[in-house]
Amino acid sequence: MSGTADVLSLVGQSDRTMFAMAPWASTSASRRVPTAEQLMAPECGVVLPRLNEVPVEHRFLADDRETIRLAEILVTLGIGAVEDWSQSGRDPTKYASLTLQRWIRNHGGATIDRRFDLDVTLGDRLVDYSDERGPRETLYLIVDPEAAAFAVLRPTLEFLEKIHLRLPATFFTHFVGSLNRWVRVYDFHDAEERVEMLREWYEGEANAEQYEVPDVEGCVPQSLKERPLSLRSLRAIGDTIRRDETRDLVNVLLELCRISKQVRRPEFTEEMGEQLMDSNPPLPCLLAAFSAGDAVAGCFDDEAETALETTPQPNLIIPLKLTEPTSVRQGFRTLGVVCETLAAASRLLDLMPGNDDGVIGREK
Amino acid sequence: MTSHVRIGDNRIFMLKQAVLLYQDGSTTLATLHEVKSLHEGAPYLGAGQSVTTGFLERLARGLGASLAPEVLPANILSRTPELIVWWSPEKPRLMFFSDANKDTTELNGRMYPHPALVFMVNDRELLVRALGENRRPTADTRLKNAPYWNTDAHGRVCLGSMRVPEEVSAGSLSVWEDAYFASEFTHPSGAVHLTTHPGGFLRLWSSLARRDRRFPVKFLADANQTLQEFVQKRGES
């Protein structure tokens, strides 16, 4: 007989066996009824404290006029969903937030999240927490990285070189070029600029030869010195490739190029320049190195140490003029294209050999 | 992609972290926990990490308890994250009075000599005191009441229509002074002894209008306070 069964006793007059429990921690001596404490298994000691009565969200509302106007436009244009209004608790700010989340989700948000760690902000100023906002009735969609994604290029370039001598340069140009159209990619060109700047600094020093700079030139594959093919030629080559993995790689690259060019990048205006006076360059959304820990990655790490000394410029600014609903439509369309471009880049990275480590693990 | 909406002062604050405090007598241990959410049900706390000095520094920065490094000019007397105190030598300044009555209409928009002044901006509140001598005060210097309307016995200025500058820094002190004198003096602010001039406030300023002379400091009323007390009390009784 188990220990638990040993302390149980029968109660009631029926044929069915029933066990009664005494009140917590008080044994009924006359009836030998066990206490709850005796019945319960001892606690395991590992507990996740739950926050049952704690609100998970606080909203601070001040002047809602612009947000209400934006919400009206989003509904009128069919960008905002009706069901999000009740889910927002009839709060225009929350509604705008849910609309933005839905828009990103419908344009490849989950795929983007596999590789990229990005923020999209809908705000009235370009510098977060700045006292100076943009012009009245103008809002901005801003894309910026939380951390840079990582692409290892060498295995892909070596693999493509075996198929066609000019494919590596073609791949690099169109992959990096399509992304650079919307967000900043840190590649060997940036590293070369960094090295050049370091050399200039060291030239004035007494023992200039003692300084060692990263050998960026030495880590750039020779195949990248070839002239890249046009997209038409790439398409033609893609049609002749028999191996599935390679054909998929070329097809997704072509898809990336096509999506990336669907809309024009919004103009960087003088007014934006005034808000971003004295800003650092944008933070890279992707580090495109040839291998982990190479000279390009080294230069990136070196620059990262000072990148946040002053506020960086956003990667992408999409203005929305509330006085012109068409600009809101165009702005969300542009954001959709940016999301789909990033999703295509994420799919391409999935196909590129040697890039398994770049997948971001996220808790659901 | 994480999305944020930041329009105007509207904010949506999401629960992200929790600090748990453990005490043994007077010694306290703090742990920082991520708040995790399930699709349904209440959120729960993740495993704790010891609170580091770096975390406390970030927290303090978030609370505004930090100052950007700046070179302080010689006229600054005290500086903390919440307040800045400076003095301004005697000089002629333009004054504006409301045109509510005939006496003030005649005083409005004229140049007057002013005594040396001590200004304080404390949590965006402006305070003013006057100095009996035209030199940098020390902690023990006894202060005078500023001989101005809209300024109470503690030196606090009723900002009224004054255009309050956005910035509070060593570089914005003249902007605060200009904003103060660019707004209208409209009424006495509570029971305060503004001047010892036998004719009172209006006679003092009418006697000084367009006169090429220094401000007569003998007509300044004692504030019963040293500079040290002024800085420590920050306008409190």
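A polar contact is a pair of N or O atoms within 3.5 Å; within protein, one must be able to donate a hydrogen and the other to accept it, and residues adjacent in sequence count only if both atoms are side-chain atoms.

I noted that this is a predicted model, where local features need pLDDT of at least 70, side-chain atom pairs count only at pLDDT 80 or more, and totals for chains, interfaces and linings use all residues. Residues are numbered from 1 along each chain, chains are lettered from A in the order in which they are written, and side-chain values use heavy atoms, without hydrogens and water.

**Entry: B:H197**

I found B:H197 in the loop between β13 (184–185) and α4 (200–208) of chain B; helices (H or I, at least four residues) and strands (E, at least two) are DSSP runs, numbered from the N terminus. The side chain of B:H197 reaches the backbone nitrogen of B:G199 at 2.9 Å. I looked up its contacts (heavy atoms within 4.5 Å). Leaving aside neighbours within four places in sequence, B:H197 touches B:R203, B:L204, B:S207 and B:F219.

**Entry: chain A against chain B**

I read that 44 residues of chain A are in contact with 24 residues of chain B. I checked for salt bridges (a side-chain nitrogen of Lys or Arg within 4 Å of a carboxyl oxygen of Asp or Glu) and the count between the chains is 0. There are 11 residue pairs in polar contact between chain A and chain B, both at pLDDT 80 or more. On the side of chain A that touches chain B, α5(A) gives the most, with 7 residues.
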